Amino acid sequence: MGQAWEPKGNVAWTRRAERLPPGHLYGESLKTRRLPGAILSERKYPPGFRTPTHSHEQDLFCLVIRGGYTEMVGTTTRVCEPSLLLFHPADEVHAEHFHQTGGSSFILEIEPWWLKQIRQHTRVIDSSACFRGGHPVVLGMRLYREFLEGEDELSPLVMEGLVLALIGEASRSAVTPTVGHPPKWLVEAKELLHERFREPLTLAEIAHAVGVHPVHLAQMFHKYYKCTIGGYIRQLRLEFACHQLITTPAPLCQIALASGFSDQSHFTRTFKRYLGVPPGQYRELFSKPKMVQHRFNPFKTTG
């Protein structure tokens, strides 16, 4: 065990941001596992907890498990809720304010030498990113489950493979060619999808609403947003369903219909295909708090 990490200031925002060394994180350590080139840990935070302004010496991924917090990154503020996956590059200054429910997060710190080896062969994510669904989140969830449950001699190998896959999928999603700003009508089409994703929309109906041909709409949407319109609607429905599973006690059949799926069977098949687990298991994974036997220490090391 290393020395307890003590900040130099007691307020959420300080003139000089703390730079946390590897294995030193705010919050209480629930569990830690180490791999060659990476540190994995789950941290718990009490209601209302505020971290000082800080950065990390190493790149890290953070999967929000329970509760929620508001994060400040420069001039950007975002609300972080369960199943949200964040990537913080080394030295990115940020701070968190946990909500009244408190929360817990699964954190993956990656050592620079490992990323350097990967960068010799391909481009790797190197700027702040936020994933609300898709393959990066699925891989983050699988890594978290292996972190919790994997106890045999093959578990480190499985986790190492999942870490590499997560870096690859996050890089694929975040590192995209620049194509300029989308035309106004395409932005309007995207906003329409956010407003009406639970409805049985057709491509022709969407195209008519923004005044373009359906073929042109489909081509331009894929060019700028890197997915089909149908795939984007599916992602919006799944994100809505995830939020309902975690924040409400509503039965699966009700959530399925409220999210725009035809029935519970269709919802369950789609959810498991894209999230890796059925809806009921997802709800259990992200909504049940863990029992902790020892007293909270916000600056305890993961060592």
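Predicted model: local features only at pLDDT ≥ 70, side-chain atom pairs only at ≥ 80, totals over all residues.
**Surface patch, cores and ring pairs**

L154 sits in the loop between α2 (135-149) and α3 (155-174).

Turning to the interior, nonpolar side chains tend to be buried together in soluble globular proteins. The largest nonpolar core here takes in 46 residues, and the members that touch the most others are F61, L108, M141, L143 and Y282. Leaving out residues up to four places away in sequence, Y282 touches P82, S83, M141, C242, L245, I246, F271, L275 and V277. There is also a second, separate core of 21 residues, with L201, I206, V212 and I229 among them.

Y282 turns up again in the aromatic picture, where ring pairs link it with F261, F267, F271 and F286 into a cluster. Across the whole structure, 15 aromatic pairs are found. One of these joins F106 and F147: the ring centres are 5.0 Å apart and the planes stand at 45 degrees, so the pair is tilted. Since F106 belongs to strand β8 and F147 to helix α2, this pair ties together parts that are 41 residues apart in sequence. F106 is buried at 3% relative accessibility, and F147 is buried at 0%.

Strand β8 (residues 94-110) also holds S104. This serine is buried, its relative accessible area being 6%. Setting aside neighbours within four places in sequence, S104 is in contact with E42, R43, K44, Y45, V64, I65 and R66.

Conventions
Residues numbered from 1 in each chain as written. Heavy atoms only, no water. Core = buried A, V, L, I, M, F, W, Y, C linked by side-chain atoms within 4.5 Å. Buried < 20%, exposed > 50% of the residue type's maximum accessible area, 1.4 Å probe, protein only. Contact = heavy atoms within 4.5 Å. Helix = DSSP H or I, 4+ residues; strand = E, 2+ residues; numbered from the N terminus. Phe/Tyr/Trp six-rings, centres within 6.5 Å; stacked < 30°, edge-to-face > 60°.
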